[in-house]
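Please look over the chain below before reading on.

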Amino acid sequence: MNILLALRVPDYFTLLNAAFGLCALLAAGQSQDQISAQLAVIFIIFAAIADGLDGFLARKLGSSPIGANLDSLADLVSFGVAPAFLALNAFDSPNLWPAGIFYLLCGTLRLARFNLYSKGDQFFEGLPIPAAGIALSGSVLLGSQLLTLILMLLLAILMISSVSYPKVRDRKSAAFLALASLVAGILVWLQKDIVYPSHLLIAIIIVYLISPVVISCLQKGK
């Protein structure tokens, strides 16, 4: 099979996702200063936007035979390896290594399970790795090693859990999330005080993290 001929439009955004993931790794590896960390986070946000676009286009235009596997490989780079490396490099503490390895392994398992099993068009089984990657990278900008450690372990456990997380299929909701992420990325780059943009990133993810609880309460109320 000619791999280039098998590619469709959504796959090019998947490849862009992987390219942004590599850029995040390169930025994070330059040094341990704040600017490098900021740039790495911005590339991870861009990777998430590209990931959202490839999913949207795949539903509209159809996916290629390699689309699902290609998407998981790109996600592993952008939201598994890159955020973990960013956290470990930013704090330069061997004490974080086991947590970083655990996060990466759980992310890998999450993607492998996703390729084999699906909970349908409405829900994911376990926390999606893009949400985990954005939350972890955003926490690095707050400069708290303890917070990053706790969040890394929590996100890892949620990824391999059986908790049902809603899929954002509505066009308006997806556009709002993409715009909010883009605004957060721009603020991270433009502002010298990056606490507030970091809070915005984490707030977006926290809303999604607690969404299963909210949905469960609403269903019980009905």
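Which pattern does the protein follow when it is read along the sequence? The pattern is α-α-α-α-α-β-α-α-β-α-α-α, and the secondary structure comes to 10 helices and two strands, where helices (H or I, at least four residues) and strands (E, at least two) are DSSP runs numbered from the N terminus. This is a predicted model, in which local features need pLDDT of at least 70 and side-chain atom pairs count only at pLDDT 80 or more, while totals for chains, interfaces and linings use all residues. Residues are numbered from 1 along each chain as its sequence is written, and side-chain values use heavy atoms, with hydrogens and water left out.

**Burial**
- Of the 222 residues of the protein, 45% count as buried (under 20% relative accessible area, with exposed over 50% and partly exposed in between; 1.4 Å probe, protein chains only).

**Helix pair**
- The axes of H2 (residues 9-30) and H4 (residues 67-91) come within 9 Å and cross at roughly 15 degrees, so the two helices are roughly parallel to each other (angles under 35 degrees).

**Nonpolar patch**
- Phe102, Leu109, Leu153, Ile157 and Ile160 form a nonpolar patch on the surface, with about 410 Å² of accessible area together (residues with over 30% relative accessible area and no salt bridge, nonpolar side chains being joined within 5 Å; a salt bridge is a Lys or Arg side-chain nitrogen within 4 Å of a carboxyl oxygen of Asp or Glu; areas come from the Shrake-Rupley method with a 1.4 Å probe).
- Helices H5 (97-116) and H7 (145-160) each supply at least two residues of the patch, and the largest share, three residues, comes from H7.
- Ile160 lies in helix H7 and counts as partly exposed because its relative accessibility is 35%.

Key:
Patch = residues over 30% accessible without salt bridge, like charges linked within 9 Å, V, L, I, M, F, W, Y side chains within 5 Å. Axes fitted to C-alpha atoms, helices over the stretch in contact; angles between N-to-C directions. Parallel < 35°, antiparallel > 145°, perpendicular 65-115°, else oblique.
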